[in-house]
Every structure is written in structure tokens, then in C-alpha cells.
Amino acid sequence: MPGSEGQRFVPREVFLTRGVGSHRERLASFEEAIRDAQIAACNLVPVSSIFPPGAKIIGRTRGLNKLYPGQVVFCVMSRNDTNEYRRLVAASVGLALPRDKSMYGYLSEHHSFGQNEHEAGDYAEDLAASMLATTIGVDFDPSAAWDEKKEIYRISGKIVRTHSITQSAIGHRNGVWTTVVAAAIFIL
């Protein structure tokens, strides 16, 4: 939206956080995970995957200090859970930023079973970078391995940074729920 009215809702800062929780109740397990991520006191509103043009990535501690209990907070969140003993779950948010700071970047949510943190993080990062690459016209083979695509993005000079934050956990005994979350939190 052009003009100052629409710009009020364009986040200027973003921070990443993650957490894990467990409880016999599924909802309480999620609550424990967002407590671990230190965002439970906020009213979280999931949004789609655009990283705002010109926004800065800030550290988690600095970002948390800008939040207030009860505040409505926009976020891109990945969430996964299980009540199966020894089942590996992961939640990851990937990030891809263009060199041109006046353009928007991408965030991706990936939730999986059986992937460790490194695998899930790479997948989320690849997904975000692929979405950005198709938007800014970087030619690449979608079936290529992530390492190959990273090199193409680097050579193109159009994608300046990719990153991910991931939380994984293994399911507990006796049907106890285990929940993992990863999130990009927007600061207006």
C-alpha cells in the first residue's frame, strides 16, 4: 500500500526464535514450546512468508525486549508435534534476503518427521531461497542439490543471505506430546 497509512504495518525488525515443549495434553505441549521460545505472553498471528523490504534482523534478546504481554505479534511460524515414542520431529523457518534491500525477501516454514536439525534447516533455507530466486529471475535447476543452488545464488549476486532456525526433538514415552516451534517474529 502506498503512503504512510499502509507503511504502519510494515515491520522494521525481525528476530528468530525456537522452542520445544512436552505435556500429556497437545495444547499444553504447544504452550510449553512457545514458552521455551519466550513468545508465549504474546498473541501470535501467523502471516505468509514475505520478509519486509529494508527490515533488519536483530538478536533474540533485543527483539524480546521490544515485546509486551498481550501484544498482537505477527510471525511466520513452523510447528510440529508427536505423541509417538522416539519419533523425530522438526520445525524450521528459512530465510532468504536479496542484495537489493528495497526488495522483499522470503521466509519459509518447514515441518518434518525423521529429519534432524541440519537437514530440516537446509530444506527450509533452500525453500526460501528458491522462492526468492524465482521472484528475482535467478535461473537454477529446481532438482539440484541445495549446495549446488547456493553456489548459483552466490554467483548471481542477487541473493545476499540465507539462514534458518530449527528446533527438533524426539517423542516421549506413554503418549506424552512433544511440540517443536521455530518462528520469525515481526517488530512493527
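## Salt bridges and cysteines: a tour

Start by selecting Glu 84, which counts as partly exposed at 41% relative accessibility (buried means under 20% relative accessible area, exposed over 50%, partly exposed in between, with a 1.4 Å probe and protein chains only). The model is predicted, with local features needing pLDDT of at least 70 and side-chain atom pairs counting only at pLDDT 80 or more, while totals for chains, interfaces and linings use all residues. Residues are numbered from 1 along each chain as its sequence is written, and side-chain values use heavy atoms, with hydrogens and water left out.

Arg 87 is partly exposed, with a relative accessible area of 31%.

Next, select Glu 13, Arg 62 and Lys 66. Salt bridges that share partners join these three residues into one network. Within that group, the side chains of Glu 13 and Arg 62 form a salt bridge at 3.3 Å, N to O. Glu 13 lies in strand E1 (residues 13-23) and Arg 62 in helix H3 (residues 60-64), so the pair ties together parts that are 49 residues apart in sequence. Helices (H or I, at least four residues) and strands (E, at least two) are DSSP runs, numbered from the N terminus. Colour the pair by accessibility: Glu 13 is buried, with a relative accessible area of 11%, whereas Arg 62 is partly exposed at 42%.

Move to helix H2 (residues 26-36), which holds both Glu 31 and Arg 35. They are four residues apart, about one turn of the helix. A salt bridge links Glu 31 to Arg 35, with the closest N and O atoms 3.1 Å apart. Glu 31 is partly exposed, at 27% relative accessible area. In total, the structure holds eight salt bridges.

Finish with the cysteines. How many disulfides does the structure hold? The count is zero, where a disulfide is a pair of cysteine sulfur atoms within 2.5 Å. Select Cys 42 and display the distance from its sulfur to the closest cysteine sulfur, in Cys 75: the separation is 9.5 Å, too far for a bond. Cys 75 is likewise in no disulfide. Both side chains can be checked for accessibility: Cys 42 counts as buried at 11% relative accessibility, and Cys 75 is buried, with a relative accessible area of 1%.

Note on methods: A salt bridge is a side-chain nitrogen of Lys or Arg within 4 Å of a carboxyl oxygen of Asp or Glu.
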